[in-house]
Amino acid sequence: MEAITWVLVHRGKHVQLVMGPAGSGKSTYCRTMMAHCENIKRKVHLVNLDPAAEYFEYEPSIDIRDLITLEDVMEELDFGPNGGLIYCMEFLLNNIDWLEEELGDYDDDYLIFDCPGQIELYTHFPIMRDICGTLQKWNFAVCGVYILDSQFVEDTSKYFAGVMTATAAMINLEIPHINVLSKMDLLLKKAKQEDLAQYFDPDPLLLTEDVNRKTRPKFHSLNRAVAHLIDDYSMVSFIPLDVTDEDSIDYVMSSADNAIQYGEDVEPKEPQEFDVEATE
Ligand SMILES: Nc1nc2c(ncn2[C@@H]2O[C@H](COP(=O)(O)OP(=O)(O)O)[C@@H](O)[C@H]2O)c(=O)[nH]1
Ligand SMILES: [Mg+2]
């Protein structure tokens, strides 16, 4: 009997929305995942949503700077960098047809969105929430990827603040979500992985002792209240990302895939059928 080889083809539209504070490592994450996917011959596209971005190693397939740039807004409307950025994102929302048209070319694809670093966009402005809602309306499965700089682990109060913004983003956006601790290569030079585990799946009540040691007694009840708040939500955990370790990169990518059930919608196709489509 003649052997039939099946080729798996992924159906559906998938988006990773890469968010987090300025300098946390969003663009590095995107670049790392693009390189990883290129290596394993997996098709993904980069979308730049940061109107202040300067340089990309991988040319974005869609780029907000073709619609509007922060530089132009600051020059022409006399805005500062923060106000200018919010203006750009509102402009994008008001001209969302532009994005719809651009996305039209990537009908059955996996897209990684590199987002701006203004934390207000995720925590309390409705802008990113509206963008997520619109993507979902267009039938994209959207995964939030929140990046926190692992250097924060060295100062528990900063780490707490990071956990709270990640929580706020999760609550505000209401989409499948993973949190990633970036720059692990730097941290692993100073600390052992087993000592860091408490930060991947935080026990805020335990970490409060550390914050209390570093703050004056009048703040201790506030520290406890914050820890209880984080504990009550108990939905924040972090996946460490070491961009120098291929297994770590692969694990983070699979975690994002799982969050949006990428891979569960594969359809086997006969090779002939695939060939016709591939050469179109
Ligand atoms: N060593 C190391 N540096 C990183 C890593 N991720 C980001 N950086 C550095 O941190 C800075 C900010 O990174 P970038 O990706 O531009 O942050 P973004 O503002 O969130 O897009 C840059 O100087 C990067 O080279 C990482 O995983 N390891
Ligand atoms: Mg960036």
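Helices (H or I, at least four residues) and strands (E, at least two) are taken as DSSP runs and numbered from the N terminus. The structure is a predicted model, in which local features need pLDDT of at least 70 and side-chain atom pairs count only at pLDDT 80 or more, while totals for chains, interfaces and linings use all residues. Residues are numbered from 1 along each chain as its sequence is written, chains are lettered from A and ligands numbered from 1 in the order in which they are written, and side-chain values use heavy atoms, with hydrogens and water left out.

The protein chain contains 13 helices and nine strands. Of its 280 residues, 46% count as buried (under 20% relative accessible area, with exposed over 50% and partly exposed in between; 1.4 Å probe, protein chains only). The accessible surface of the protein chain (Shrake-Rupley method, 1.4 Å probe; for residues, only the protein chains shown count as cover) comes to about 14,600 Å², and carbon and sulfur atoms account for 50% of this area. Where contacts (heavy atoms within 4.5 Å) join residues at least 6 apart in sequence, 75% of them link residues at least 24 apart.

H45 lies in strand 3 (residues 45–48). This residue counts as buried because its relative accessibility is 14%. The H45 side chain forms polar contacts (pairs of N or O atoms within 3.5 Å; within protein, one must be able to donate a hydrogen and the other to accept it, and residues adjacent in sequence count only if both atoms are side-chain atoms) with the side chain of S61 at 3.2 Å and with that of D109 at 3.4 Å. Leaving aside residues up to four places away in sequence, H45 touches M34, S61, Y106, D109, Y110, L111 and I112.

In helix 6 (residues 127–137), the residues I127, M128, I131, C132, T134 and L135 are buried. Viewed down the helix axis, the buried residues of helix 6 fall within an arc of 165° and therefore line one face of the helix (the arc being that of the directions from the helix axis to the C-beta atoms). N139, which follows helix 6, has a positive phi near 70°.

Regarding ligand 1, an oxygen atom lies 2.8 Å from a backbone N or O atom of G23, and an N or O atom in the K26 side chain is likewise 2.8 Å from a ligand oxygen atom. For K183, a polar side-chain atom is 3.2 Å from an oxygen atom of ligand 1. Taken alone, ligand 1 exposes 570 Å², of which the protein buries 63%.
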